[in-house]
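Please keep the sequence and the coordinates open while reading, as the points below are grouped by topic.

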Amino acid sequence: MDGSSNITRRLFTQAGIIAGGALALSGCAWTPRNAGSQQATGSSQDNAHTGSSSGASVVGGGATIDDGFVLVQGGTFTMGSPADEPWRSDDEVQHEVTVSDFYLSPTEVSQLEYGTLMSAGSGGEDVPVADVSWYDAIAYCNALSVEAGLEPAYTVDGEDVTWNLAADGYRLPTEAEWEYACRAGTTGPFNLDHSISAEEANYYGHYPYEIEGNYFDQDVLDVKPGVYRGECIASASFAPNAWGFYDMHGNVAEWVWDYYGAYDESGLQDPTGPNTGSLRVNRGGGWNDFAKNLRSGYRASLTPTSSSPSVGFRIARSAVLREGVVGGKTTNAATSGEPLVVFFSWSGNTRLIAREVASQLGVEAVELVCEQPYSTDYNTCLDEAQRDQNQQARPALVTQIENMSRYGTVYLGYPNWWASIPMPVATFLESYDFSGKEIKPFCSNGGGGLGQSVTAISKLAPTAHVGQGLSIYYSGGSDMPQQVADWLEK
Ligand SMILES: Cc1cc2nc3c(=O)[nH]c(=O)nc-3n(C[C@H](O)[C@H](O)[C@H](O)COP(=O)(O)O)c2cc1C
């Protein structure tokens, strides 16, 4: 490591965090390394696969709809990412998929559109709506269909939703349609011919693609660290992709129709995903995601009742109406069993929060202790944690939970490490059977919120019901007990 990088690290240590302390530094988002220069925009237009962007179309009953949606010409493409794509996950298996023509909105649903239709109040006019559950998105689609005189696509029965493929109304895109439209004919990690910069998308710009292994050798990076805006910004602030879609990478991640599960690789026509599950997929990454989680092939998943300040949605309409109904059972957690509060903490903030959670529930909190603890030196810990995340290590734990079967809800606390969970939490999740249990995540962080941690938990404990997460800035200060009480009450 050279001298200048040591300086960078020292500066960050002073500005961002005091190890070992349960402190909250006001207005200071977690930033371990200095940001470098940014890269300019460059995107070409190629509308060969899209129809008129006016989107006027005649639907089922003969009504003309002119909603500005883009007609995407169907076709066959390779969904998923190649095995050698950096930061690719095992669930992105490449396979051929064919999609029929469909209409897709060029932008994400805005706060104004959502607030007006759903009587939910509205914020910035052009800013995408976020913090909406998958069910909220479904309800919006149906309400908009009714308003437009179209047949609603969805029937909602409690937590089970079916989609009538013959309906001409508004709907979420399928995961396959979303990826087809995002890629717009490209095959790389992003829908550009280079990595995406913070001048081309709204994301956690301090962490461009492949920064993870190259903090001290940034010359090799295609795109250098750039601005982190820390919030949603107006839609269409950047150039669209080659087919005219804005913000397919970043700003808000987008709910799609599909339950999360392994891909059916059998060369499907218009796949609609598994018929049952506990999680729904969202795509594209949001304002607080690292670039690796904006990739065209990256799959995030959350419980459909949960919401996140960085997840919204974009809507579609079928151009080809088909016969049939898809959808099925949403699997839920059992509500019986004792509560378990379990946490990992490095510098003490999560420990404080965990003790508050446990005290309000009237139980003891259990700490996850590693056989080989991370260094108490902050900079060394950063490196060790980064190494473990790059390798997806599973550090051995001293802590064992006796008789896990007696617990119903597991309150799981951890610090946000590199926008996800610390790897000891992954060890814990893979050590037990969480079938039928509910996991409620709570996360201490330095400004990145829950990051991708809830998706990581959902993928590591796929048979659990992963509830709404609680994000606390460092230790949360004097407000923390109330934040915990409000969260427990939900
Ligand atoms: C290795 C490491 C990685 C971190 N990564 C992030 C991050 O990506 N985003 C963020 O907001 N905070 C990050 N932080 C800050 C911690 O989430 C924050 O300081 C938290 O309060 C620590 O909780 P603890 O005291 O329970 O360990 C990181 C801290 C460490 C030590």
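Two strands are said to pair if DSSP finds at least two bridges between them, and the elements themselves are DSSP runs numbered from the N terminus, with helices being H or I runs of at least four residues and strands being E runs of at least two. In that sense Arg-280 in strand S11 has Leu-302 of S12 as its bridge partner. The model is a predicted one, in which local features need pLDDT of at least 70 and side-chain atom pairs count only at pLDDT 80 or more, whereas totals for chains, interfaces and linings use all residues. Residues are numbered from 1 along each chain as its sequence is written.

**Overall make-up**

- The secondary structure of the protein chain comes to nine helices and 21 strands.
- Of its 490 residues, 48% count as buried, a residue being buried if 20 or more other C-beta atoms, placed from the backbone, lie within 10 Å of its own, exposed if 12 or fewer do, and partly exposed in between.
- Among contacts between residues at least 6 apart in sequence, 73% join residues at least 24 apart, where a contact requires that the two C-beta atoms, placed from the backbone, lie within 7 Å.

**The sheet around S11**

- Four strands form an open sheet with mixed pairing, in the order S12-S11-S10-S13, and its edge strands, each pairing on one side only, are S12 (299-302) and S13 (311-313).
- The twist from one strand to the next averages 50°, with axes taken as lines fitted to C-alpha atoms (for helices over the stretch in contact) and angles running from 0 to 180 degrees between N-to-C directions.
- S11 (residues 280-283) and S12 run antiparallel and are joined by four bridges.
- Helix H4 (residues 175-183) packs on the sheet, where it touches S10 (253-259) and S11, and its direction makes about 140° with that of S10.

**The shell around the ligand**

- Of the 22 residues around the ligand, Asn-349, Thr-350, Pro-415, Gly-446 and Gly-448 come nearest, a residue being near if its C-beta atom, placed from the backbone, lies within 6 Å of the molecule.
- The elements that give two or more residues to this shell are H5 (349-361), H6 (378-391) and S19 (438-445), and H6 gives the most, with three residues.
- The shell divides into eleven nonpolar, eleven polar and no charged residues, with Ala, Val, Leu, Ile, Met, Phe, Trp, Tyr, Cys and Pro counted as nonpolar, Asp, Glu, Lys and Arg as charged, and the others, Gly among them, as polar.

**Helix H5**

- H5 has 13 residues and reaches 19 Å from its first C-alpha to its last, close to the 18 Å expected at 1.5 Å a residue, the expected span being 1.5 Å times one less than the number of residues.
- Its buried residues are Asn-349, Thr-350, Arg-351, Ile-353, Ala-354, Glu-356, Val-357 and Ala-358, and they pack against several elements, including S16 (338-343), S18 (407-415) and helix H9 (480-489).
- Just after H5, Gly-362 takes a positive phi of about 75°.

**Helix H8 and two buried residues**

- Seven of the eight residues of H8 (residues 453-460) are buried, and the buried residues pack against S12, S18, H7, S19 and S20 (465-466).
- Phe-428, in helix H7 (residues 423-431), counts as buried because 25 other C-beta atoms lie within 10 Å.
- Leaving aside neighbours within four places in sequence, Phe-428 is in contact with Val-342, Leu-368 and Leu-397; the C-alpha atoms of Phe-428 and Leu-368, 60 residues apart along the chain, are separated by 8.0 Å.
- Ser-471, found in strand S21, is buried because it has 23 C-beta neighbours inside 10 Å.
- With neighbours within four places in sequence again left aside, Ser-471 is in contact with Cys-443, Asn-445, Gly-449 and Leu-450.
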